[in-house]
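Here are my notes on the model. Please read them with the structure open.

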Amino acid sequence: MVRGARQPQQPRSRLAPRLTGTVEKPPRKRKSRTEFALKEIMSSGGAEDDIPQGERKTVTDFCYLLDKSKQLFNGLRDLPQYGQKQWQSYFGRTFDVYTKLWKFQQQHRQVLDNRYGLKRWQIGEIASKIGQLYYHYYLRTSETSYLNEAFSFYSAIRQRSYYSQVNKEDRPELVVKKLRYYARFIVVCLLLNKMDVVKDLVKELSDEIEDYTHRFNTEDQVEWNLVLQEVAAFIEADPVMVLNDDNTIVITSNRLAETGAPLLEQGMIVGQLSLADALIIGNCNNQVKFSELTVDMFRMLQALEREPMNLASQMNKPGMQESADKPTRRENPHKYLLYKPTFSQLYTFLAASFKELPANSVLLIYLSATGVFPTGRSDSEGPYDFGGVLTNSNRDIINGDAIHKRNQSHKEMHCAMARRRCEQSRLKSKISERYTAIHCDCCCFPSLHPGDLYPFTRKPLFIIVDSSNSVAYKNFTNLFGQPLVCLLSPTAYPKALQDQSQRGSLFTLFLNNPLMAFLFVSGLSSMRRGLWEKCQEYLRKINRDIAQLLTHSRSIDQAFLQFFGDEFLRLLLTRFIFCSATMRMHKIFRETRNYPESYPQLPRDETVENPHLQKHILELASILDVRNVFLENTIDDY
C-alpha cells in the first residue's frame, strides 16, 4: 500500500493546487484524452451509448489521475537539488496523486481492463514511479526506511511480472523502460545490501539487454553493456570475503547498529553537538562507480546511516500525517551526494547546508578526490599555497573530444593571459614567482583549497579528506573559534601493497569497515563467519578503549571532545585512531606519508602510539595468525 509522507505545507504559485480527498472533476482541457479513450472503445466493437455512465466516469477519473501524476512527476526535475524545505510540499502533492492513482486502479481494475484497455506494463509503470518517489525521498531525507518502501514496489513489479509482455511488442521505448527499471532496482538493492537479489537482477538485466540489442538495431547497446560492467565491478569491490561453512558469501552491513558506536561511560565529558548535514563528494579518476556513486561515496554513505527500519512500524496509517507540532528526531544526518561536481556546484550545496544547519549541529564534508599540487616552492604558508583537491571544470568534458578540445583551448588561452598579467604584476610589485605558478595551476586545474572552506568554519565543521594531497588541509586555521576537525588520509601507500585504488581507498575502507581493512593489509582475502564475528567483538572492545583514551587525555584538543558526543562522529574518530595505529605498527608502512594525519594534531603517545592500544592490535593480529606482519616493539622503532 502506498503511504504518504509527512510534509509541511508550503504552497508555491507555480505548482498545481493540492488534490482533496476525493477525485477532482477533470478540467475541460483534460477531457479530450478521455474522449479519445472512449472512441477507441467504440472502434473496437462497442458503442458509446452502451457504456454505463458509471464506467465512463471511472475511465474519465483514471485518465485525469494518470495525466496529473505524470505532470507532477515530470515537475520534480525542476525542483532545486539543494535545500531541505522548498521541495517538500511538491513531493507531498505528488505522493498524494500516486496514492490515489494506485488505489484507484486496484479498485476498478476490471472496468479499466474492459473499457480502457489497461495493460500490465502500465500498472508496472505506476508502481515503478512510486518506487522512484520513495527512492528520491530517501535521497532528500536520508531516511533508510524509504529504501524499504522503494524495494517493496520494485520487488512487486518483478514478482507480478508487470513487464513480462513488453518484449512481445515492437516498441523499443517500452523495452528501455524495463531496462531502466532494472537499473533503478539494482541501485536500491545495493543500498540495502541485498547482494543476492542484485546478482539475480544483473543476470536478468544481461538477458534483457541481449534480447533488446538483438531485436532492435539501437545506438545505446554500448551504454547498456557499460552499465553491466559497472555494477559487476561495484559488487566485487570489497577486497575480503566472509564465508559460511558451505562457502556461501555472508552479506555484512556497515551501517550503524545499536551496538556499533562505543557508549559514553559515566565521567566522560564530551560536547552535545550532533551531526545534522553531510556533503559526500566523489571526484577520483578511474574509481569504480555505479549510477554516479563511487565506491568511496557508497562506503561513507553507509557509515553515516543507521540500519533501515520498516516504515510501516513508524506510521499509524497509510497517508496519515503526524502532527506538525510534534518534534521529530532525525535518525540519520541529511546528506548530499555530489559526483564530480564543479566548484560552483559544490559551493552552492555547501552554502545551502550551512544556511539550514540547526543550532548545536555539525556539518560534515567528505572529500574523495584527486589531489592538485602546486608547482615550485613558497615562502608563505597560506590556505592557498599547498594546493587542494580536484573539482570538475565541466561535466561535458567526458561526453566528447570536441568539447574537451574546445575547453582545453580556452583554458590554455586563459593561462597564457594569466601568466602575462602575473608577470606584469610581479615586475611592478615584486610578487614572488610562486604566485604566478599557483595562479596558473588554479585556472588549469579547478580545485577546492582549504581557504575555500574558511567561511564555513563559522559553525562546527568536521572534514574528512581522502586524497593524494590531503596534507594541504593540515594547514588549516581556526578563525572563528568554532569546533573544527580534519581527518586526513595518507598521501601514498606502500608499493608492496597491491594497488586497490580503483576498488576504493584503503583509508575510507577503514572508516567504513575497519575489520575488512585490517584483514586486507594483513594479506587475507577471505575468512570464516565464526572467526569474523569473534574479531568484530574484539574490535568493539578496542573501540571502547580508544574512547576512554580520548576522553581521559589531558593534552587532546577540545575540538575532538566537542564532536565526541555524536554517535556517528564518535565512531569515525575511533576508527580513524585504529586506522592510524594499525598503519604505524605495520611493517610495510614505514614512510611518514603512509600515515593518516589530523588537524588539530592528536597527542600520539596518548592515542595512535599508546602502548595499550598497540597491545590490542597485536592481540587482534594473533587471533588472525598474522602477527608476523606487525612490529612487536613499535615505540622503539621511532
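1. **Terms and basis.** A residue is buried under 20% relative accessible area, exposed over 50%, and partly exposed in between (1.4 Å probe, protein chains only). This is a predicted model: local features need pLDDT of at least 70, side-chain atom pairs count only at pLDDT 80 or more, and totals for chains, interfaces and linings use all residues. Residues are numbered from 1 along each chain as its sequence is written, and side-chain values use heavy atoms, with hydrogens and water left out.

2. **Cysteines.** Cys189 is buried, with a relative accessible area of 0%. Cys535 is buried as well, also at 0%. The search of the whole structure finds zero disulfides. The criterion is a pair of cysteine sulfur atoms within 2.5 Å.

3. **Overall make-up.** The protein has 19 helices and 11 strands. These are DSSP runs, numbered from the N terminus: helices are H or I with at least four residues, strands are E with at least two. Of the 638 residues, 54% are buried. Contact means heavy atoms within 4.5 Å. Take the contacts between residues at least 6 apart in sequence: 77% of them join residues at least 24 apart. The accessible surface is about 30,600 Å², and carbon and sulfur atoms hold 48% of that. Areas come from the Shrake-Rupley method with a 1.4 Å probe; for residues, only the protein chains shown count as cover.

4. **Nonpolar cores.** A nonpolar core is a set of buried Ala, Val, Leu, Ile, Met, Phe, Trp, Tyr and Cys residues joined through side-chain atoms within 4.5 Å. The largest has 149 residues, and Leu364, Phe462 and Ile464 touch the most other members. Helix α7 (residues 172-191) gives the most to this core, with 13 residues. A second, separate core has 29 residues, including Phe349, Val389, Leu448 and Ala472.

5. **Leu364 in detail.** Which residues does Leu364 touch, not counting those up to four places away in sequence? They are Leu275, Asp277, Ala278, Leu279, Leu304, Phe462, Ile464, Leu569 and Leu572.

6. The rule asks for a side-chain nitrogen of Lys or Arg within 4 Å of a carboxyl oxygen of Asp or Glu. The count comes to 22. Lys57 pairs with Asp61, with the closest N and O atoms 2.7 Å apart. The two residues are four apart in helix α2 (residues 53-75), so about one helical turn separates them. Asp61 is buried, at 8% relative accessible area. Arg171 and Glu173 also form a salt bridge, at 3.0 Å between the closest N and O atoms. Glu173 is partly exposed at 40%, and Arg171 is partly exposed at 33%.

7. Lys289 and Glu230 meet in a salt bridge (3.2 Å, N to O). The pair links distant parts of the chain, 59 residues apart: Lys289 is in the loop between β2 (274-283) and α10 (295-303), Glu230 in helix α9 (residues 221-235). Glu230 is buried, at 17% relative accessible area. Glu125, Lys129 and Lys177 are linked in a network of salt bridges.

8. Asn512 sits in helix α14 (residues 506-512). Is Asn512 buried or exposed? Asn512 is buried, at 4% relative accessible area. Beyond its neighbours within four places in sequence, Asn512 contacts Asn254, Arg299, Gln302, Ala303 and Arg575.

9. **Tyr137.** Tyr137 belongs to helix α5 (residues 120-141). Its relative accessible area is 4%, hence buried. The C-alpha atoms of Tyr137 and Gln88 are 9.3 Å apart, while the residues are 49 apart along the chain.

10. **Backbone points to check.** A cis peptide bond joins Tyr599 and Pro600, with omega about -10 degrees. Pro600 is in the loop between β11 (597-599) and α19 (611-623). Asn360 has a positive phi, near 60 degrees, in a residue other than glycine. Asn360 lies in the loop between α11 (343-356) and β4 (361-369) and is exposed at 58%. Asp625 has a positive phi of about 60 degrees and is not a glycine. Asp625 lies in the segment after α19 and is exposed at 66%.
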